[in-house]
Amino acid sequence: MKYFHIPVLLSEVLENLIKDINGIYIDTTFGSGGHSFGILNKISNQGKLFAFDQDQFAIIKNKICDKRIRFFNENFRNIQKILKAYKNNILKNVSGIIADLGVSSYQIDTPQRGFSIRFNKILDMRMDLSKQKSALNIIKNYSFEKLNKIFKKYGEFKNPQRISRKIVLNSKFINTTLDLVNLFKRNNNRKFLSRLFQALRIEVNDEINALKKLLKQSINILKPGGRLAIISYHSLEDRLVKNFFKSGNIQGIIKYDKKGKNLSPFNKKYTKRIFPTKEEITKNNRARSAILRITQKKVC
Ligand SMILES: C[S@@+](CC[C@H](N)C(=O)[O-])C[C@H]1O[C@@H](n2cnc3c(N)ncnc32)[C@H](O)[C@@H]1O
């Protein structure tokens, strides 16, 4: 199989996710199929894999021919509804879910998708090309206040006003990735630009809300003892995942019963955080910011 994208933390995901080789697994972010391919190699002939990706091209280009896999060209934010409509007995029967968040190398390296500062193309950044909202729509139509919000929240800029003001004043002249880069020539350092692009990408694809929806639904999809593995690439996502694993809710509020027992649906004993090794980062630079968190749904 030819990969456009080297799967991150593959052996760590497989080792911690697959505890039942006859089980049902879900890869919510199929991409180039690296994790899916690994799962199929590990499960038995009775095992099943459901693969989701909102990007039409991810599935068309990388489809794996194997009777155990079923593809859904869908956003994982609707996962429960989609699985329920497909087969009623999947919910509460899944042994493992993996989400490898963010964009794939295929998406970043395809110039016309407009994700990368390396190519001068129209600012697009949509993972799902059937959607209307692109990065360019945001640049042209968002108010100063709305831009401030996304740069603060998703780019974690302390003083986003200066960035938003510049964009609002120049929005007529911004069409491509390079137009945006040139506008911030003075701040032209990689870190600044990647946070700027990251904030726009998260807003275009509504990534944080989709992740929240996936996390909440995972409790209803996993069977007792089932595992949930999430690979995040920035602190915003990772914080959300960490708090959710601790508490079982998006707010991260740990609730206790009258006897002082933690009511989280997840088992603390099997909750862990794993970073890529130096060797992996040397081979695959994309892995450098990855954090894998794994948890297990309590058995009772
Ligand atoms: C980092 S890549 C996954 C790479 C994959 N694990 C592999 O080994 O090839 C993320 C993929 O998830 C998809 N994606 C991101 N958010 C999604 C969402 N909310 N619903 C469905 N797919 C999503 C993207 O389109 C992209 O193809």
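Domain bounds come from an automatic or database domain assignment. I looked these up first: the assignment gives domain 1 (10-105 + 207-296) and domain 2 (113-205). I noted that residues are numbered from 1 along each chain as its sequence is written. The model is predicted, so I kept its limits in view: local features need pLDDT of at least 70, side-chain atom pairs count only at pLDDT 80 or more, and totals for chains, interfaces and linings use all residues.

**Domains.** I found the C-alpha centres of domain 1 and domain 2 to be 29 Å apart. Their contact (heavy atoms within 4.5 Å) takes 12 residues from domain 1 and 13 residues from domain 2.

**Ligand.** A polar backbone atom of Ser32 is 2.9 Å from a ligand oxygen. Ligand nitrogen atoms lie 3.1 Å from a polar backbone atom of Gln54 and 2.9 Å from a backbone N or O atom of Phe76. On its own the ligand has 600 Å² of accessible area (Shrake-Rupley method, 1.4 Å probe), and the protein covers 99% of that.

**Helices.** I took helices as DSSP runs (H or I, at least four residues), numbered from the N terminus. In H4, Ile79, Gln80, Lys81 and Leu83 meet Leu214, Gln217, Asn220 and Ile221 of H11.

Definitions and conventions:
Side-chain values use heavy atoms; hydrogens and water are left out. Helices (H or I, at least four residues) and strands (E, at least two) are DSSP runs, numbered from the N terminus. A polar contact is a pair of N or O atoms within 3.5 Å; within protein, one must be able to donate a hydrogen and the other to accept it, and residues adjacent in sequence count only if both atoms are side-chain atoms.
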